[in-house]
Amino acid sequence: FVGRLTFEKGVDLVMHAAFWLLAEYPKVQVFIVGPIGDEVGQHVSTRLQLGTQVASIRERMFVATTFYPVTSDMRYGCDLCLCPSRVEPFGYVDIEFAWHGTLTVGALVGGLGKVPGVYYRVQEHGDQLHMLQQFKQAILRALSMTSEERLECGRAGLNVGFPYAAWSAALEDQYSLTLAAADE
């Protein structure tokens, strides 16, 4: 996970998923970097820092709660980019990782810019347990993909683009559908 440690970015979900992954998969490594952005981010930062003191986790989890330079090598070295944002319709982190062949696992919330990956739709936005279950299921789907499926997704991510004309037309189509539905 790379980004501001905030509630809106789903950093609490990332924290729970990270500890779950580290407990269930002994070869998993996790890095979480970004500045603290709100009280949820502060709480998560404290819990993650405590987690890095646990012997079984210490060598497999890296946490930096500041702006941290994420290199191309780090992006190429990732298997999954976790983006469980609650409200952000489009972000640059998933694009940056997709352009390095990394599979995104995230929430399907608004926006037109999606990169190849595994997405989940949240039905109960106020229910953290529901959101965490959806996120974990998406992670499990990503982990259960065959090597060929993940390679195909990664290759598609290398070439993903968002040309303005196509984006603008798709946005106008969405507005037209919304207005038509409201008129009915």
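The following legends describe close-up views of a predicted model.

Local features are reported at pLDDT of at least 70 and side-chain atom pairs only at pLDDT 80 or more, whereas totals for chains, interfaces and linings use all residues of this predicted model. Residues are numbered from 1 along each chain as its sequence is written, and side-chain values use heavy atoms, with hydrogens and water left out.

**View 1. The open sheet E3-E4-E5.**
Three strands form an open sheet in the order E3-E4-E5, with parallel pairing. Strands are DSSP runs of E with at least two residues and helices are DSSP runs of H or I with at least four, numbered from the N terminus; two strands pair if DSSP finds at least two bridges between them. E3 and E5 are the edge strands, each pairing on one side only. From one strand to the next the twist averages 15°, where axes are lines fitted to C-alpha atoms, for helices over the stretch in contact, and angles run from 0 to 180 degrees between N-to-C directions. E3 is joined to E4 by four bridges, and four bridges also join E4 to E5. Five of the five residues of E4 are buried, that is, under 20% relative accessible area, with exposed meaning over 50% and partly exposed in between (1.4 Å probe, protein chains only).

**View 2. The largest nonpolar core.**
The largest nonpolar core has 21 residues, and those with the most contacts inside it are Leu 80, Leu 103, Val 105, Tyr 120, Phe 135 and Ile 139. Such a core is a set of buried Ala, Val, Leu, Ile, Met, Phe, Trp, Tyr and Cys residues joined through side-chain atoms within 4.5 Å. Helix H1 (11-24), strands E3 (80-83), E4 (103-107) and E5 (117-120), and helix H6 (128-144) each supply at least two of its residues. H6 provides the largest share, six residues. A second, separate core of 14 residues includes Met 15, Ala 18, Leu 22 and Val 44.

**View 3. Surroundings of Val 105 and Leu 80.**
Beyond its neighbours within four places in sequence, Val 105 is in contact (heavy atoms within 4.5 Å) with residues including Leu 80, Cys 81, Val 118, Phe 135 and Ile 139. Leu 80 lies in strand E3. Not counting residues up to four places away in sequence, Leu 80 touches Thr 102, Leu 103, Val 105, Ile 139, Ala 142, Leu 143 and Arg 150. The C-alpha atoms of Leu 80 and Thr 102 are 5.8 Å apart, although the two residues are 22 apart in sequence.

**View 4. Aromatic pairs.**
Three aromatic pairs are found in a search of the whole structure. Rings of Phe, Tyr and Trp (its six-membered ring) pair if their centres lie within 6.5 Å; planes under 30 degrees apart count as stacked, over 60 as edge-to-face and the rest as tilted. Trp 20 and Tyr 25 form an edge-to-face pair, because their ring centres are 6.3 Å apart and their planes are at 90°. Trp 20 is buried, with a relative accessible area of 16%, whereas Tyr 25 is partly exposed at 29%. Tyr 120 and Phe 135 have ring centres 5.9 Å apart and planes at 45°, so this pair is tilted. The latter pair links distant parts of the chain, with Tyr 120 in strand E5 and Phe 135 in helix H6, 15 residues apart. Both Tyr 120 and Phe 135 are buried.

**View 5. Arginine charges over phenylalanine rings.**
Arg 86 lies over the face of Phe 7, at 3.8 Å from the ring centre. The charged end of Arg 75 sits over the ring of Phe 97, 5.6 Å from its centre. The criterion requires NZ of Lys or CZ of Arg within 6 Å of the ring centre and within 35 degrees of the ring normal.

**View 6. Strands E1 and E2.**
E1 (residues 30-33) and E2 (residues 61-64) run parallel and are joined by four bridges. Ile 32 stands opposite Val 63 in E2. Val 30 and Ile 32 point one way from E1, Phe 31 and Val 33 point the other way, and all are buried.

**View 7. Val 160 in the loop between H7 and H8.**
Val 160 is placed in the loop between helix H7 (147-158) and helix H8 (164-183). This residue is buried, with a relative accessible area of 17%. Apart from residues up to four places away in sequence, Val 160 touches Ala 98, Trp 99, Lys 114, Val 115 and Pro 116. Val 160 and Pro 116 are 44 residues apart in sequence and 8.1 Å apart in space, C-alpha to C-alpha.
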